[in-house]
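This report describes a pair of packed helices and a pocket. Please look over the sequence and the structure before reading on.

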Amino acid sequence: NFVYFFAVIAILIGAYKEFIIINVLIIIHEIGHYFASKIFKVEVDKIYIYPLGGITKLNIDLNIDPIKEFVIIIFGPIFQNIAYLILINFFDREIVLTYHLSILLFNLLPIYPLDGGKIVNLLIGKFIPYKKSLKFSIYISYIFIISLFIKSKNIKLNIIITITLLVILTIKEHQKIGYKYNKFILERYLNNYKFKNCKIINSENDLYRNNRHLIKIKDKYYLEKEYFEKKIKKN
């Protein structure tokens, strides 16, 4: 576990105060996601803590209202700001501010599955189909990871570890696109969502978030459920 490794290093070099500040900020940040998830009755699977951030893994409905998902995402940075205001009463203000901004800005990078990457995905998803938004978010993530590596003037161990972790996490998300989209479709088939907006599309791969659809096949129009029932019967 990277946290234990860095804890030992921090103690050995006398940087335990910095270690405490960083981890309090990260943990409170993730508690923010946890708190918002509980408000919307979203199940929290596990919370991962890394050297420069954390990830709260949710068993979330992929068709959840984008506004609710945004609130869950943004509650992390909000709680971290609260943690910052508390920590400056116990530690040097400049040191706390430096680590606070570093973690905050890092988590807001447009790299999936960081908070910034998720926000980018929500924004893109307003204009293009869900499956394409997932792919675009991953491509943007790769571009920014490469940019981070190129702009790193001094390649230190912590930078190598951080970039490696980002690459691994992004690749994992890339590999899950097909699974996520199938889950997205299955949720729509099994649940009776009351979306206000309606779009006419020509393929099942063009489904949008927060929209119901008419799927046009040749000269016929099908409701989503009708289309997928027909597809299931064929198979």
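Is the crossing of α3 and α5 left-handed or right-handed?

## Basis of the report

The model is predicted; local features need pLDDT of at least 70 and side-chain atom pairs count only at pLDDT 80 or more, whereas totals for chains, interfaces and linings use all residues. Residues are numbered from 1 along each chain as its sequence is written, and side-chain values use heavy atoms, with hydrogens and water left out.

## The helix pair

The crossing of α3 and α5 is left-handed (the near helix is turned anticlockwise from the far one by less than a right angle). The contact (heavy atoms within 4.5 Å) involves Pro 66, Glu 69, Phe 70, Ile 73 and Pro 77 of α3, and Asp 115, Lys 118, Ile 119 and Leu 122 of α5. Of these residues, six are nonpolar, none polar and three charged.

The axes of α3 and α5 lie 10 Å apart, at an angle of about 160 degrees. The two helices are therefore roughly antiparallel (an angle over 145 degrees).

## The largest pocket

The largest pocket has a volume of about 890 Å³. On a 1 Å grid over the protein atoms alone, a pocket is an open set of points where a 1.4 Å probe fits, with protein on both sides within 12 Å along at least five of seven lines; lining residues have an atom within 4 Å of a point. Among the 36 lining residues, Lys 57, Leu 58, Glu 173, Lys 176 and Lys 180 are the closest to the centre of the pocket.

The largest share of the lining, six residues, comes from β2. The lining comprises 18 nonpolar, six polar and twelve charged residues.

Methods. Points joined across faces, edges and corners; volume = space filled by probe spheres on them. Helix = DSSP H or I, 4+ residues; strand = E, 2+ residues; numbered from the N terminus. Nonpolar A, V, L, I, M, F, W, Y, C, P; charged D, E, K, R; others polar. Axes fitted to C-alpha atoms, helices over the stretch in contact; angles between N-to-C directions. Parallel < 35°, antiparallel > 145°, perpendicular 65-115°, else oblique.
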